[in-house]
Amino acid sequence: MQILNSKFQKNLDNAVGRIAPSWPLKNLVAVNPYMGFTDTSFNKASEILAQRGNIRTTMPVGFYLENLKSGVITKEDLLKSFDKQTINLESFLKKAELLGQKKFELRNNQHSLTEIASDTDKQDWCELLTDRVSFWAAAHFDKSVSVWNKMHLVNDLYRSWKKEASADRTTEIMGLKGFRSSIKDLPEDHLEFLESFMSELNLGSDETEAYIHSVLLKIPGWSSYLSGLDFTGNLYESKTTHLQEFVAVLLSWENYFLKHSVNKENIKAIWYRNWYYGEPENRETIDELKITLILQRAFDLANQRILKTKFLKHKTHHSKSKPSAQAIFCIDVRSEAFRRNLEMVNPEIETIGFAGFFGFSIKYTPLGSENQLNLCPVLIPSKVAVSETSDQPESEEKKRVSQKRISRIWKSFRSGAITSFAFVSPLGLTFVPKILKDSFPTGIKRNFNKDTSFHAESKPILDLSGINLDEKVAMAVSALVGMGIKDNMSRLILLTGHGSTSKNNPHASGLDCGACGGHSGKLNALTAQYIFNDPLVRCELREKGIFIPDETLFVACLHNTTTDGVDVIDESLIPESHKEELEAIKKSFLEAGNLNRLERSSRLNLQYNPDSNKDILIMSRAKDWSQIRPEWGLAGCHSFIIAQRKHTKGLKLNGRSFLHSYHWKSDQDYKLLESIIMAPMMVTSWINLQYYASTTDTQKFGSGNKTLHNITSGIGVIEGSGGDLRIGLPLQSVHNGKSFEHLPIRLNVVIEAPISAINDILSKQDSIRQLFDNEWIFLHRMDEEGRISHTYTKNLQWENELKETMITMETVL
Amino acid sequence: MTELKISLVTILPTLLLFLASVRYLTLNQNYRIAIAALYLSLLTGFGALALNGIELNTDSFLFKIYDLQPFYQFDALSSIIYSMIALIGLVVVRYSRHYLDGEKRHKRFISDLSITIAFVQMLSVSGNLITLFIAWTGTSYGLHRLILFYSDRKKARLAARKKFIVARLGDVSLLLAFVFIYLQLGTSNLQVILDQIKIYSISELPFKLELAGLLIVIAACLKSVQVPFHGWLPDVIEAPTPVSALLHAGLLNAGPFLILRFSGLIDLSSYSSVILITVGSISAVFGAISSSLQPSVKSSLAYSSIGHMGFTLFISGLGIYSASLLHLVSHSFYKAHAFLSSGSLIEKIRSGVAAPIERINKSNHILPALFLSGLMFLTFTFTWQGTLYLSFQMLVLSAIIFLGILSLNLKTFAYSPDKRSVLHLTFTSAIVINCFYLFEHLFEHYLGTVVPAIKDPQNGLKIYIIGILLLFAAIVFAQSVLIKTKNRSFISQWEVHFRNGLYMNQWFNRFMNSLYTKRLN
């Protein structure tokens, strides 16, 4: 293998590092699509993305102007957003309005030879490139769609592409003469090709990075997927270089237009001219972007002001009585609404916010399956192995293995060439009952009164023999400390994970628990229940000074976020002594579910059927194969509050805030706070920026229209018949048809802790500090009365907010 | 008597569907009228199915029998197709209610669906060359509007343009066919035409009718995306999923339906069946192989439809019209369901059943599989037919079913040697054979004399058909058993060619200058 010269290797690594990872649909976890840019300011990154990839990081001007008109953004917000720039407000507004009247146009960036060739030939070679590369990549990675498995799979991406492109005649039919031979003649090793091609272009360091990055942004979807493969590869097994190989694939097109195209001289001349003074830039794009960036910041400031006022008006809730039960919920924004409603119907339940995997990062193996699921946040590797078992594990395993084989053999018969004719003629009519059953789903009314969550599926029995006692104890300690309940445990502690049910929904796993790696939180909750109720573990914990009372029982539950039903996962594990109390709690869950559905119904478009029962309409979404918005997921998320529950109790945050319970006084050296900032906060920032990016650019960083989605190679979707793999969230997940359900607000992290403690952590953790310093997200401090007293500016500086907010309050009153 | 005379009530649903597309209504009104119309259609359709061969005799206004026969023909063939469209239409319209929720042009979508379904209904019950032709072009008009639902999508526009060209060619050829029929027989009444044709025998079919038969075959091939005019079909997934469901389950059927409608004529024509067999089997092989190689779900379904349409026309060419209708109807329900549930693949991947099984690389399973499949096949064939001396065409068709069973059993023995799965899959293969004979018999008896009976083909044609059958067998064998070959790159190259649909669509795109762009600097 060729060794690259180290300077070029560094530039290549930098360019590749700019592409954020993305996960396949079977475990779609939210990810910050700007992850490669956190060392750059938000504004600078916006410029770069606009220049190199036509990616929009702000809304169109019209959106902000409307918010100005309706008073959401005030003049003060706007002035504050100017920061230190000296801008005249009047002339700024005039400019903005002029921009608003202009029709938005996509500008061609002219970074790559392919783009220049498209211009000179008046043929959209970029589209052809996207289609061809995407079609090949889909076939290369496909393990689930095509019935004829490919016989000669080459693992090396670049070599596989060479093979395909030198056979595929499409390029030449569409007018690229000599394309196949140009590919055939390339060196066999991708590094050799990269180095020789790049040395021909003869770009400087920064330009090399810019150029390669812009080429990768031609196909942001597949680039991100490959970056995700490399990300996971590096976390678990070994280092992989898929994205590097992919760069070589894309550069093989550039190579064609440089050396083999009919107009090569012309193209070459334009390209060299474009790069003569460094990376080409489009002033007009940058000038327009400057305006929208100021407006976006004003929009953020406006929403911060609203949030601050909300907390200012709210009275901290003091309750002295010992709770009858404690319910631990995921920090997910959907838990906020449910917790509030649960506390309302039963004030004796104390609710606590904690990451939904409850600190148990497990690798789960279902019975009879070779696939292991990593049920933990994607940032950390799974630690311990848990497997499914049953009363008769051996026969059960055999049964499942053979069932799976039968369905796979059946699929080969059903969709195989020619054999499909022998399937359709005799059995096609059996689809009449099937299609009727799917079109008219039953059982919604019946389940409504009994079981609101449709989670009647089998309750797994877990085998924890893969975890030794020390590991169990260590995990239990950190979980109990993290939840803040080690010194005050009630008789019942409900570990409430969450999951979602929807049908025929490729993006279903995006509605599941992100802390469980895009799966339902059921198995993590169950593992936690097993371990906490284990007498041996309790015994060991006692030696470490954590005393779990004998009468305390941990119960794993699952909150179905589509139907708002909460189920006890395995009733058979509940001893007689606790059954009665649990029944009362279950009743509260049912009532809270009713209230929460009522609250959610205003966000779901239900008017078309005014006479029907709202509960049934909402719950039927879980079984409706045509339902395109089963629930809103995390749409609308705008803040993460790390504080005691008493400050947020009773405060209506409308299912838009992540809540993590935290009491700084019992966190001596702020180790716990640091771990919250490092893990859950990081995850919330990923989620928030994922929604942000899918809203501001529904095409490049959002996955487009769900009605057109076409599942490709079992990994992701394409829109319609071709084009790039689509990443991010579908349009329907952020937009309700009339307006955006998710508003582009960068996350506001609110921490109840002394400023010095927060500053200490920030100065230790550079990657976190960058997020705030570069304004990817914002940081606030909550004081002991539950008010947002300070806002972080930059370089560990804080601004006192209290005076200012008080004044606005007075003017409001 | 296999014909049900028409009363007003049978036209009502179609009229209501047209009403459902009126622009001045609200979305909810459009939707409710369409749904009501489709429920009514179902009633009519099932009524017609049940009453096949019985004449209604009442004097009330709605049920009074008017002599609409010159326009409408509600025979066994019509009632099957009509009921099928009603059911699929109902499911598709219901699906579109939530699926397109929030779309700006949701209302237009429902109304376009209604128009299209109404035209397909009209097509199925047309009793007259003129109404048949209007309905034929009408379905194309409705489809055109549906494809352009997202008219800002470049590829949707391209698909619509390509479809437009192919459809107009088909229209012209159908129009010419009808002109020739009219010139020869002097009537546009379908029943009269079909009755008159019966008097001819093969050798003495007049030239004009021979020509009309050919033109009808061409029109059917163009309508049902036969090679090489299939290029627009895989591009129609540029429109929302319900469009694909309706297209693949309702509109593509127009081709084979036309053949069945004129089966009396096709059967007498000397070249039509050869063309149908040739084009049909080429499309069947092409669609089946290309579909098996597609990495995207909807594209795979699209190519598979080309194959199934080809197969249906192939069976028509053989002259087993009842089997052709069975395949048509079965495929419709199968494909509608497959499209509408195409998002559920990820659920299957999560449960680990999505990946198809690998090819077999040992040969010691071939004999037992062959023995078991053969035994089952012969037993059940004998049970159903009472003899093993089937007509040549039935033999060909059964052989294809046998090939399917064989490949199923091969994989069972190779990969699931445990008792449970062998029993399970053997039982399933028995069901496959029995269902085939059961439904085949049902359709044959139901259709009765609406379609001509099976005739023994000439020896030359027999050899030709056997050749095709051998090709089918080779394909089944190749995808079940791993062939050890030195020339691997040759095979993988052909995989690329077939995955790209042998570039026929690319040439079409080139012809349309699809990449043309005026880019801004």
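**View 1. B:His331 and the residues it touches.** Leaving out residues up to four places away in sequence, B:His331 touches A:Val424, B:His248, B:Ser305, B:His308 and B:Met309. Contact here means heavy atoms within 4.5 Å. The model is predicted: local features need pLDDT of at least 70 and side-chain atom pairs pLDDT 80 or more, while totals for chains, interfaces and linings use all residues. Residues are numbered from 1 along each chain as written, chains are lettered from A in the order written, and side-chain values use heavy atoms, without hydrogens or water. B:His331 sits in helix 14 (residues 321–340) of chain B. Its relative accessible area is 0%, so B:His331 is buried (under 20% relative accessible area, 1.4 Å probe, protein chains only).

**View 2. The interface of chain A and chain B.** Chain A brings 113 residues to the contact and chain B 119 residues. The buried area is about 10,500 Å², with 61% from carbon and sulfur atoms. This is the accessible area (1.4 Å probe) that the two parts lose on being put together, summed over both.

**View 3. A salt bridge between A:Asp131 and B:Lys155.** The closest N and O atoms of this pair lie 2.9 Å apart. A salt bridge puts a side-chain nitrogen of Lys or Arg within 4 Å of a carboxyl oxygen of Asp or Glu. Across the interface of chain A and chain B there are six salt bridges.

Terms used: Helix = DSSP H or I, 4+ residues; strand = E, 2+ residues; numbered from the N terminus. Buried < 20%, exposed > 50% of the residue type's maximum accessible area, 1.4 Å probe, protein only.
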